Amino acid sequence: MELQPFLVSNTPPTRQQTMLAVGIAALLGCATLAAMPFAGVRLEGTEPVLPAYAAGLAVVEIMTGVLLLATLTLSRHRAVTVVAAGYLFSGLLAIPWAISFPGVFPALGLDVDVQSTATLAAVRRLGFASSLLAYAALRLADGPESGRGQSKGSLLACVFAVAAAAVAVSVLALSGVGKLPRFMANTREVAPLWSYVPAAAMTLYVLTAGMLLAARRSVLDLWVTVVVFTLAMELFLLSYVAGGTRLTIGWWTGRVLGLVSASMVLTVLVSQTAILYARLADTTARDRQDREARLTVMEALSASIAHEINQPLSSMVTNAYAALRWLGKPEPHVPEATAALQDIVGDGHRAGRIVEETRSIFRKTGGERELLDLPAVLEEALDRLRFDVARAGVRLAVEPFRGPVIVSGNRIQLEQVVCNLVTNALEALRGIVGRERLVTIRCRREGNWAVISFADNGPGVAQPQASRIFDPFFSTKSNGMGMGLMVCRTVIEAHGGQLWLEPDAGAGATFSLRLPALDQGRDGGRE
C-alpha cells in the first residue's frame with residue numbers, strides 16, 4: 001500500500017514552512033545574542049521556578065514522544081522510533097532532575113548528592129543528543145517508509161523499555177552518593193570534568209545538523225534541524241557564555257531555549273493533526289454533498305422516467321379498453337380493434353424509447369440527433385394525445401407553421417416535451433365548468449428561431465409559484481411529481497433553445513419554447 005503524504009515524517013516541507021523555520025531560528029539566535037552580555041548575572045531566589053519549568057519540559061517532551069509513536073501505527077520507520085524514544089527518555093528524566101536540584105525541595109528532606117543532578121543532566125543531554133544523531137543517520141540510511149504500521153504491542157514494549165531505562169538511571173543517580181562523577185564543584189559551579197559533556201553534546205549536534213541538512217525530506221526533518229540548532233544555542237549559553245554557573249541570566253535563557261526547542265516538534269505535530277482533521281472533515285463534507293447530489297439525480301431520473309412513461313401507459317390502457325369494447329360487441333369490429341392494438345404496440349415501443357432518452361438527458365449526451373420537420377413532430381405528438389383531449393372535453397386550436405421548419409434534435413424528446421406541455425394544460429382545465437375549455441397552440445418564426453406557444457384558459461399560475469415552476473420536485477398540482485416542466489426545460493436547453501412561462505399572460509397560462517431553425521423561411525404564423 002502506497003502511503004499518502006500526510007504524516008510529518010513523510011510530508012515534504014513547503015516553502016512557507018521552510019521560511020517559518022528559518023525565521024524562528026533567526027529569532028532565537030537574536031535572543032541568544034541579546035542575552036550574552038548579561039549571561040553571568042545571578043538571579044537569586046529563582047529555585048522555586050525550577051519545578052514549574054521541569055514539569056512543563058517533562059509534559060511537552062513526553063507528549064511529543066507519545067504523538068511520534070502514534071504516527072508509527074500508520075507508517076513503520078526506525079528513525080521516528082528512535083527520536084520518539086529520545087523524547088520520552090528526556091522527558092522522564094526531567095522529573096528526577098528537578099527533584100534532586102539543590103534548594104528546590106528542602107522541605108522533603110531529600111539527602112541527595114549535588115552530583116546526582118549533574119549526572120542526570122549529563123545523561124539526559126547526551127542521551128537526547130544521541131537519539132537525534134541516530135535519527136539523522138537512519139534518515140540517511142533508510143529508504144521509503146513502509147506502508148505497514150507497527151503493532152500496538154511493539155509500541156507499548158518500546159514505551160516500557162524507555163521508562164525502565166529512565167527509572168534505572170534515576171535510581172542509580174539518586175542512590176549512588178559518593179560513586180558518581182565529579183561534575184560539580186559546589187551547588188552552583190561546575191567542575192572541570194563537566195567540560196567534556198557540552199563538548200560531546202555540541203559535537204553530536206553538529207554531526208546531526210550536517211546529516212539532516214543533507215537528508216532533509218520531510219517536515220519532521222526540517223523541525224528537528226531547528227531543534228538541534230536551538231539546543232546548540234542553549235548549550236552555548238549554559239556552558240560557554242555562563243560558564244556552567246547555575247541560576248544566572250545565561251543559564252535561565254538557555255533553559256527557556258531548551259523548553260522552546262522541546263515544544264517545536266509538539267507544536268508541529270498538533271498543528272499538522274489539526275490540519276489533517278480539517279481536511280478530513282472537508283473531504284467528508286464534500287463526499288456527503290456528492291452522495292446527496294447523486295441521490296438527487298437518481299431521484300430526479302426515476303421521477304422523470306415515472307412522469308414521462310405515464311402518458312404512453314395511459315394511452316396503452318385507453319387503447320386496450322377501446323379494443324375490448326370493439327371486440328365485445330355482438331359483431332366484433334376487428335379492424336378497429338386491430339388499430340387499437342397496433343397503437344398499444346406503438347405506445348409500448350415509445351415507452352421504451354422514452355426511458356432510454358430520459359436517461360440520456362441526465363447523462364448529458366442529449367440522445368441521438370437528426371434533422372426533423374418540426375411541424376411533423378408537433379402533429380405526431382398531438383395525434384398521440386387525441387384520446388386524452390377528447391376525454392378531457394377540451395377544444396384544441398392549432399395555428400400551424402406555414403411550410404416546413406427544419407430543426408436538429410431528438411424526435412422522442414421533442415415529442416415528449418409537446419405531450420407534457422399539452423397534458424399540463426389539460427390538467428389545468430380539469431376544474432373549469434360553465435365555459436369552454438380551450439388550449440391554443442401557436443407556431444411562428446422569429447428570425448432564425450422556431451417558436452411554439454401553448455396557451456390555456458384555465459386558472460393560470462400565481463406569481464409566487466411562477467418563479468419556481470421549473471424547479472425539480474415543485475408542482476402546483478396536489479398529486480404532481482414536479483418533474484415534467486424541469487425535464488422539458490432540460491430537453492429544450494439541450495437542443496440550444498429556451499422554454500419559459502409567459503409573464504402577465506392574462507387568464508390561463510402560456511408556456512413558450514423556441515428552437516434554432518436551420519432554414520431561412522419567412523414567418524407565416526399569426527401572432
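**Sheet, helices and cores in the predicted model**

Helix H10 (residues 374-384) lies across S2, strand S4 (438-446), strand S5 (449-456) and S7, and it runs at about 170° to S4. The model described here is a predicted one. A further helix, H12 (residues 411-428), lies across S4, S5, S6 and S7, in this case at about 25° to S5.

The strands named here belong to an open sheet of 5 strands, ordered S2-S4-S5-S7-S6 and with mixed pairing. Its edges are formed by strand S2 (395-399) and strand S6 (498-501), each of which pairs on one side only. On average, neighbouring strands of the sheet are turned by 15° against each other, direction ignored.

S7 runs antiparallel to S6, to which it is joined by 4 bridges; here tryptophan 500 has serine 512 of S7 as its bridge partner. S7 also pairs with S5 in the antiparallel sense, over 7 bridges, and valine 451 stands opposite arginine 514 in S7. In general, the strands of a sheet pair through backbone hydrogen bonds, either parallel or antiparallel. S7 is mostly covered, with 5 of its 7 residues buried.

The contact of H3 with H4 comprises 18 nonpolar, 4 polar and 3 charged residues.

The largest nonpolar core has 76 residues, of which Leu68, Trp97 and Tyr205 touch the most other members. At least two residues of this core come from each of helix H1 (15-35), helix H2 (49-71), H3, H4, helix H5 (152-175), helix H6 (196-215), helix H7 (219-241) and helix H8 (249-328). Of these, H7 gives the most, with 14 residues. Nonpolar side chains tend to be buried together in soluble globular proteins.

With its neighbours within four places in sequence left aside, tryptophan 97 is in contact with Leu50, Tyr53, Ala54, Thr117, Leu120, Ala121, Trp251 and Arg255.

How values were computed. Residues are numbered from 1 along each chain as its sequence is written. This is a predicted model: local features need pLDDT of at least 70, side-chain atom pairs count only at pLDDT 80 or more; totals for chains, interfaces and linings use all residues. Side-chain values use heavy atoms; hydrogens and water are left out. Two strands pair if DSSP finds at least two bridges between them. Axes are lines fitted to C-alpha atoms, for helices over the stretch in contact, and angles run from 0 to 180 degrees between N-to-C directions. Contact means heavy atoms within 4.5 Å. Ala, Val, Leu, Ile, Met, Phe, Trp, Tyr, Cys and Pro count as nonpolar, Asp, Glu, Lys and Arg as charged, and the others, Gly among them, as polar. A nonpolar core is a set of buried Ala, Val, Leu, Ile, Met, Phe, Trp, Tyr and Cys residues joined through side-chain atoms within 4.5 Å. Buried means under 20% relative accessible area, exposed over 50%, partly exposed in between (1.4 Å probe, protein chains only).
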